Amino acid sequence: EQRSTGSMVDVGSHPIFAELVAYPPARTVLEALGFLRPKWMSGYVISKPPESPALFWHQDWWGWNDPSSYTPLPQQLFLMYYLVDTNRSNGCLRVIPGSHLRDHPLHDQLEDAHAPVVARAENLEMAEFATQPDEVDVPVKAGDLVIGDARLLHSAHSNRSATRRTVITLWFLPTYDELSEPL
């Protein structure tokens, strides 16, 4: 059975999103974290339909062949702007604290996130969809911003509500000038 875990629209497809990419309060927060010259990488409006399954566990980081991926300094951050109040029943974010800095048993169990069986949520019994004993829910209010390290294992609960759950996710390279040439 094929199920949709959500739809994505590239924020680069419309100029209105440029204001959000350069949003001064978010830049101020990044600067307060020590990231003085972050570079925007990409972003999507992500909409989780009503009555949709959980999103699979994954990491957004792609540069695992670079040694800097195994240091405490984040190479990539996600900034998630929630457009609706989000909780466990409508598909809030769930994370595994520390999974960006240390090995977690789930790392060895995950298939390729782009494999059809995972992306289409064909088998919800897979490890990619399972509840983890150390997972933490991240419920938010509409307008909240969640910032995270792209290496963090994260997922979203199923949306058991009758309405869409929408978030705009932007990815930034917070220390772009310090990244290795291959990255």
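Tyr44 has a relative accessibility of 26%, so this residue counts as partly exposed (buried means a relative accessible area under 20%, exposed means over 50%, and partly exposed lies in between, with a 1.4 Å probe and protein chains only). The model is predicted: local features need pLDDT of at least 70 and side-chain atom pairs count only at pLDDT 80 or more, whereas totals for chains, interfaces and linings use all residues. Residues are numbered from 1 along each chain as its sequence is written, and side-chain values use heavy atoms, with hydrogens and water left out.

**Aromatic pairs**

Searching the whole structure gives four aromatic pairs. Rings of Phe, Tyr and Trp (its six-membered ring) pair if their centres lie within 6.5 Å; planes under 30 degrees apart are stacked, over 60 edge-to-face, and the rest tilted. One of the pairs is Tyr44 with Trp171, an edge-to-face arrangement with 6.1 Å from centre to centre and 70 degrees between the planes. This pair links distant parts of the chain, since Tyr44 is in strand 2 (residues 39-48) and Trp171 is in strand 9 (residues 165-173), 127 residues apart. Helices (H or I, at least four residues) and strands (E, at least two) are DSSP runs numbered from the N terminus. Trp64 and Tyr70 form a pair that is tilted, because their ring centres are 5.6 Å apart and their planes stand at 50 degrees.

| Residue | Relative accessibility | Class |
|---|---|---|
| Trp171 | 9% | buried |
| Trp64 | 28% | partly exposed |
| Tyr70 | 58% | exposed |
| Ser99 | 3% | buried |
| Val95 | 10% | buried |

Five strands make up an open sheet with the order 1-2-9-4-7 and antiparallel pairing (two strands pair if DSSP finds at least two bridges between them). Strand 1 (7-10) and strand 7 (145-149) are its edge strands, and each pairs on one side only. From one strand to the next, the twist averages 25 degrees. Axes are lines fitted to C-alpha atoms, for helices over the stretch in contact, and angles run from 0 to 180 degrees between N-to-C directions.

Within this order, strand 4 (residues 77-82) and strand 9 run antiparallel and are joined by six bridges. Leu77 stands opposite Phe172 of strand 9. Helix 2 (residues 24-32) lies across strand 4, strand 7 and strand 9, at about 145 degrees to strand 4; contact means heavy atoms within 4.5 Å.

The largest nonpolar core has 14 residues, of which Val11, Leu79, Tyr81, Ile168 and Leu170 touch the most other members. Such a core is a set of buried Ala, Val, Leu, Ile, Met, Phe, Trp, Tyr and Cys residues joined through side-chain atoms within 4.5 Å. Helix 1 (18-21), helix 2, strand 4 and strand 9 are the elements that give two or more residues to this core. Not counting residues up to four places away in sequence, Ile168 touches Val11, Phe17, Leu20, Tyr44, Val45, Leu79, Met80, Tyr81 and Leu83. A second core of 10 residues is separate and includes Phe78, Val140, Val146 and Val167.

Another open sheet has four strands in the order 3-8-5-6, with antiparallel pairing. Strand 3 (55-58) and strand 6 (136-138) are at the edges with a single partner strand each, so one side of each has no neighbour in the sheet. With direction ignored, neighbouring strands of this sheet are turned by 25 degrees against each other on average.

Three bridges pair strand 5 (residues 93-95) with strand 6 in the antiparallel sense. Val95 lies in strand 5 and stands opposite Val136 in strand 6. Apart from neighbours within four places in sequence, Val95 is in contact with residues including Trp57, Asp134, Val138 and His154. Leu152 is 57 residues from Val95 in sequence, with 7.1 Å between their C-alpha atoms.

**Ser99**

Ser99 is in the loop between strand 5 and helix 3 (116-119). The Ser99 side chain reaches the backbone oxygen of Ile96 at 2.7 Å. A polar atom of the Ser99 side chain also lies 2.8 Å from the backbone nitrogen of Leu153. A polar contact is a pair of N or O atoms within 3.5 Å; within protein, one must be able to donate a hydrogen and the other to accept it, and residues adjacent in sequence count only if both atoms are side-chain atoms. Leaving aside neighbours within four places in sequence, Ser99 is in contact with Gln59, His107, Arg151, Leu152 and Leu153.
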